[in-house]
Amino acid sequence: MYTAFQNYLSNQLKEIKEAGLYKDERIITSPQGAEIELDTGQKVLNFCANNYLGLSNNPDLIEAAKSSLDDHGYGMSSVRFICGTTDLHKELERKIARFFNTEDTILYAACFDANGGVFEPLLTSEDAIISDALNHASIIDGVRLCKAQRYRYENADMEDLETQLQLAQEQRFRLIVTDGVFSMDGNVAPVKKIVELANQYNAMVMVDESHSAGVVGETGRGVTELYNIMGQVEIITGTLGKAFGGAIGGFTTGKKEIVELLRQRSRPYLFSNSIPPLVAAAGIKMVEMMTNTNELQDKLHRNAEYFISRMTNLGFDIKPTKSAICAVMLYDAKLSQEFAAKLLGEGIYVIGFSYPVVPKDQARIRVQLSAAHEKEHLDKAIKAFEKIGKGLGVLPPTPKAGF
Ligand SMILES: *Cc1c(COP(=O)(O)O)cnc(C)c1O
């Protein structure tokens, strides 16, 4: 049997390579950070991590994780409801709820699991899920596991959402679901308007804050802070794997009855191991830091504003954003690959994205800003972008002296 299957797989792999879609992995030999070292010995500035607050290698988080190893050990060897809940898990759940001004929180091994396990226990074939077309893969998969009727609206298109809400009136309960920040354009979902429409058409709202928590809003509390609607959405999901320390772990936070039912019925929670105590301990430290000082959020916001305004002044075409994702539009797939490769040559690590990850003719380089970046890092990246932009004809060449 395997010979035939092996041929089949080899052909698929060949097709992926021929289409230019094969993903190679670069190997990092240093901690994650603004400056990283690759196994080739090259040191590069990292502009493609979700390390928005620079916490991936934060000494206080490392210390909290280390000391929990001494008093809580390494692993839990259990799911939460058998013997996998420590005081640290409960404290982190409470702290996340306080951070988002919600009622209760349930932890998962990842936000992929939080989204995978949120719909099926709550909604049935009598209900409706109304989902943004560009929602994260984990939301799409979670919706697939649920029997509710599915409605889809074009990305952030409030007219289309209204149409879908009208169509969904025949169902019993309606849940609108959106990413807070969409990862490819960095655009922030119009959640204030979504909540208004939800009130008008008798629906509930779920926001996935994975790319917005820690980033968006003055104190990093995500899109509900940005729009001044904290506590007004029923469900928030998020990850500990991006701004919040970057290790692993996800959560659903929101109305207490929702969280209570998820603890009883959500399959990735019931049938998958607890996060290790060291992740919970570092998570507690992270929320405490974010509550005590706004230093990192402020620095991130300053860095994003500085980078985007400099790049715009140079003449780059940047998608409008309030997040820490800056899409430098190049439109052409080959150009974006070549641009990213040349940037790496200059010591700037970014990724070029093209079809099918983004729509055809919408190729771009995605730059992710971080509080870990210092001004000299940003300046080096901007200089490299300028040099290569001129070399590849994306920017007009510098006029010669005398002209
Ligand atoms: C990254 C991401 C996830 C997955 O988070 P993990 O904790 O890494 O599984 C889910 N939703 C969105 C919107 C994301 O950006």
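Trainee: Is Asn202 buried or exposed?
Mentor: Asn202 is exposed, because its relative accessible area is 58% and the cut-off for exposed is over 50%. Keep in mind that this is a predicted model.

Trainee: Where does Asn202 sit?
Mentor: In the loop between H8 and strand S7, the strand being residues 204–208. Asn202 is not a glycine, yet its phi is positive, about 55°.

Trainee: Which other residue has a positive phi without being glycine?
Mentor: Ala156 is one of them, with phi near 60°. Ala156 belongs to the loop between strand S5 (149–153) and helix H7 (158–167). With a relative accessible area of 26%, Ala156 counts as partly exposed.

Trainee: And the peptide bonds: which residues does a cis bond join?
Mentor: Tyr355 and Pro356, with omega at about 5°. Pro356 is in the loop between strand S12 (351–353) and S13.

Trainee: S13, then. What does Arg364 pair with?
Mentor: Arg364 forms a salt bridge with Asp185, and their closest N and O atoms are 2.8 Å apart. Arg364 is in strand S13 (residues 363–368), while Asp185 is in the loop between strand S6 (174–179) and helix H8 (191–200), so the pair ties together parts that lie 179 residues apart in sequence.

Trainee: Are Arg364 and Asp185 buried or exposed?
Mentor: Arg364 is buried, at 1% relative accessible area. Asp185 is buried as well, at 17%, because the cut-off for buried is under 20%.

Trainee: Why would such side chains pair?
Mentor: Side chains of opposite charge can pair when their charged atoms come close.

Trainee: How many salt bridges are there?
Mentor: The count comes to 19. One of them joins Lys95 and Glu91, with 3.0 Å from N to O.

Trainee: How are Lys95 and Glu91 placed along the helix?
Mentor: Both are in helix H4 (residues 87–100); they are 4 residues apart, which means a separation of about one helical turn. Lys95 counts as buried, with 16% relative accessibility, and Glu91 as partly exposed, with 25%.

Trainee: What about Asp141 and Arg144?
Mentor: They form a salt bridge too, with the closest N and O atoms 3.1 Å apart. Both lie in helix H6 (residues 137–144), 3 residues apart, about one turn of the helix. Asp141 is partly exposed at 30% relative accessibility, and Arg144 is exposed at 55%.

Trainee: Which residues are linked in a network of salt bridges?
Mentor: Arg80, Lys90, Glu93, Asp104 and Arg263. Glu93 also comes up in another way: its C-alpha atom is 8.3 Å from that of Thr253, although the two are 160 residues apart along the chain.

Trainee: Where is Thr253?
Mentor: Thr253 is in strand S9 (residues 250–254). Its relative accessibility is 0%, so Thr253 counts as buried.

Trainee: Change of topic. Which residues are closest to the ligand?
Mentor: Cys111, Phe112, Asp208, Thr239 and Lys242 are the closest, out of 13 residues that surround the ligand. The shell divides into 3 nonpolar, 7 polar and 3 charged residues. Helix H5 (residues 111–116) gives the most, with 3 residues.

Trainee: How much of the ligand does the protein bury?
Mentor: The ligand alone exposes 380 Å², and the protein buries 83% of that.

Trainee: Last one: which residues make a nonpolar surface patch?
Mentor: Leu13, Ile16, Leu21 and Tyr22 make a patch of about 320 Å². Leu13 is in helix H1 (residues 2–18) and is partly exposed, with 43% relative accessibility.

Conventions:
Residues numbered from 1 in each chain as written. Predicted model: local features only at pLDDT ≥ 70, side-chain atom pairs only at ≥ 80, totals over all residues. Heavy atoms only, no water. Patch = residues over 30% accessible without salt bridge, like charges linked within 9 Å, V, L, I, M, F, W, Y side chains within 5 Å. Areas by Shrake-Rupley, 256 points an atom, 1.4 Å probe, with all protein chains shown as cover. Salt bridge = Lys/Arg side-chain N within 4 Å of Asp/Glu carboxyl O. Helix = DSSP H or I, 4+ residues; strand = E, 2+ residues; numbered from the N terminus. Buried < 20%, exposed > 50% of the residue type's maximum accessible area, 1.4 Å probe, protein only. Near = heavy atom within 4 Å. Nonpolar A, V, L, I, M, F, W, Y, C, P; charged D, E, K, R; others polar.
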